[in-house]
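Thanks for coming, everyone. Please look at the screen while I walk through one protein chain.

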Amino acid sequence: MKVAVAGTGYVGLVTGVALAHIGHNVTCVDVDEQKIKKMQCGISPIYEQDLEKLMHENQERLIYTTDYKNAYKNADVIIIGVGTPERKDGSANLDYVYTVCNQIAESLQQDCVVVVKSTVPIGTNDEIEQLLRDNSAKGINIYVASNPEFLAQGTAVHDTLYASRIVVGVEDKRAEEIMHTLYKPLTLEPYNVPYLSTSRRSAEMIKYASNDFLALKISYINEIANLCKKLGANIEEVAKGMGLDPRIGNKFLKAGIGYGGSCFPKDTKALHWLSTCNGTELLTIKACIEVNKKQKLVLLNELINDLHCLEGKTIAVLGLTFKPGTDDLRDAPSIDNISLLLDMGAKVKAYDPIGIENFKNHVHFKLSNDGVKGTIDYYESIDETITDADAVLIMTEWPEIVNYEIGNYKKLMKEPRVYDGRNCYPLENTKEIIYSSIGR
Ligand code: UGA
């Protein structure tokens, strides 16, 4: 099939490359010329395992372009995979989605299924279909399918090829047939992905409800962890004991310094906003958002309690990205923590194996106007980062940090004081240092 994909972020590019891998001819469209040039040279603009390898392997079925007209005019399927960032009020900003829809409407010259992969509020697919039908050339049949994405960053390629499920929300038989043809190879050996056909609104809701449920699970286990720490229980044992119940499941029960990333924070706020607007406020999600906000600072609050004043103190921050395996920093707990450390006048020494360039280029701190401002310097090794530090804050469980020799904290720091937001070390290995973690 002839497929065009709008947007070459995590969702768009990985989807395009995966569809080329299963035999479709795919044109990836983006407005960013620099990105397109990179991809034309075989370089992935994002850090994602196996992505570049698959771009090479399937290069004869992949085109990268900014020329949307040519890409869309005779595509059988056009997939919209552009961002839907958070507005100030928490709602989803659909500007990029509608810009692409208008471009599709002005370009289409044949029947087409427009597939919405971007996470959009329930009902948006209906509006998009109306807009496309009203604004496209007469005589063309346009169908809109909601096809939410469930890939996670860091494992995006694997998650797409060996997905937990393909959800397709359609309202027409013809669209259903085309979507089935598009994904058929993934439903067969060796992938065997379950295919679920639903109404469009249900598909839109499945995406939000799934992400918000996972976020809720994390906030729940984080709250239980905080209570465990107060009461002398160990969250890892507790989570293991809970997870053995198949009704609960053992995934997403890892307590930590809070969830971040481009999805959970914005999707919880967007669904909460939508529920409030519709007079059925989701109180569980409201609580989940509040818990996560507080959770990001639990260890910093402990550190402040322990050291009292952080002005002039050297604090090493290990891990900047919102999770390992990605260079993405969106809503990463490191940002809130470093922002406060700088506000309190600390000298921050930051380490991350992948995310430093992104951090320097994209994270801008809004510091308050009073008091002495701290400083931030970046290091390429953990040794250098922790040398002479008064305390270490661990924000991301990168393998480099998890496998780090604990004895070095004692050797290199002023005082071996480690606040571990990702429970990187077994408690029994931390007896020689002053160590605080989550829920243990
Ligand atoms: C998430 C979902 O997992 C995907 O299914 C979904 O497709 C994606 O959002 C999206 O909507 O695009 P992602 O944000 O890439 O994927 O990352 P996750 O692996 O889900 O982690 C999110 C955050 O939760 C991270 O900060 C991670 O550290 C945290 N987390 C995760 C925990 O604190 N504990 C856990 O047990 C699991």
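Start with Leu161. Its relative accessible area is 6%, so Leu161 is buried. The cut-offs are these: buried means under 20% relative accessible area, exposed means over 50%, and partly exposed is in between, with a 1.4 Å probe and protein chains only. Leu161 is found in helix H7. Helices are DSSP runs of H or I with at least four residues, strands are runs of E with at least two, and both are numbered from the N terminus.

What does Leu161 touch, beyond residues up to four places away in sequence? The list is Ala18, His21, Leu54, Leu186, Tyr191 and Val193. Contact here means heavy atoms within 4.5 Å. Now take Lys117, 44 residues from Leu161 along the chain. Their C-alpha atoms are separated by 15 Å.

A word on the ground rules. This is a predicted model, where local features need pLDDT of at least 70 and side-chain atom pairs count only at pLDDT 80 or more, while totals for chains, interfaces and linings use all residues. Residues are numbered from 1 along each chain as its sequence is written, and side-chain values use heavy atoms, with hydrogens and water left out.

Stay in that region. Arg165 sits in the loop between helix H7 (156–161) and strand S7 (166–169). Is Arg165 buried or partly exposed? Its relative accessibility is 27%, so Arg165 counts as partly exposed. Leaving aside neighbours within four places in sequence, Arg165 is in contact with Phe150, Val193, Pro194 and Ser210. Val193 is also on the list for Leu161. Arg165 and Asn58 are 107 residues apart in sequence. In space they are 24 Å apart, C-alpha to C-alpha.

Next, a peptide bond. Glu189 and Pro190 are joined by a cis peptide bond, with omega about 0°. Pro190 is in the loop between helix H8 (173–187) and strand S8 (195–198).

Now step back to the whole chain. How many helices and strands does the protein chain have? There are 18 helices and 14 strands. The radius of gyration is 23 Å, close to the 22 Å from the globule rule for 440 residues, so the protein chain is as compact as a globular protein of that length. That radius is taken over C-alpha atoms, and the rule is 2.2 Å times the number of residues to the power 0.38. Along its principal axes, the C-alpha trace spans about 75 × 50 × 45 Å.

Of the 440 residues, 53% are buried. Consider contacts between residues at least 6 apart in sequence. Of these, 73% join residues at least 24 apart. On charge, the protein chain has 48 positive and 59 negative side chains. Lys and Arg count as positive, Asp and Glu as negative, and His and the chain ends are not counted. The centres of the two sets lie 2 Å apart, placing each charge at NZ of Lys, CZ of Arg, CG of Asp or CD of Glu.

On to domains. There is domain 1 (2–198), domain 2 (207–294) and domain 3 (296–436). These bounds come from an automatic or database domain assignment. Domain 1 and domain 3 have C-alpha centres 38 Å apart. Five residues of domain 1 are in contact with eight residues of domain 3.

Thr119 is worth a look. Find it in the loop between strand S5 (112–116) and helix H6 (124–135). Thr119 has 11% relative accessibility, so it counts as buried. Beyond neighbours within four places in sequence, Thr119 is in contact with Thr84, Lys207, Tyr208, Lys266 and Asp267.

Then Arg417, in strand S13 (residues 417–420). Arg417 is at 11% relative accessibility and counts as buried. Not counting residues up to four places away, Arg417 touches Asp306, Leu307, Asp390, Ala391, Val392 and Ile434. Leu393 is 24 residues from Arg417 in sequence and 8.8 Å away in space, C-alpha to C-alpha.

Last, two backbone details. Asp50 is not a glycine, yet has a positive phi of about 70°. Asp50 is in the loop between helix H2 (33–40) and helix H3 (51–57). At 40% relative accessibility, Asp50 counts as partly exposed. Asp331 is not a glycine either, and has a positive phi of about 55°. Its loop runs between strand S9 (314–318) and helix H14 (333–343). Asp331 is partly exposed, at 33% relative accessibility.
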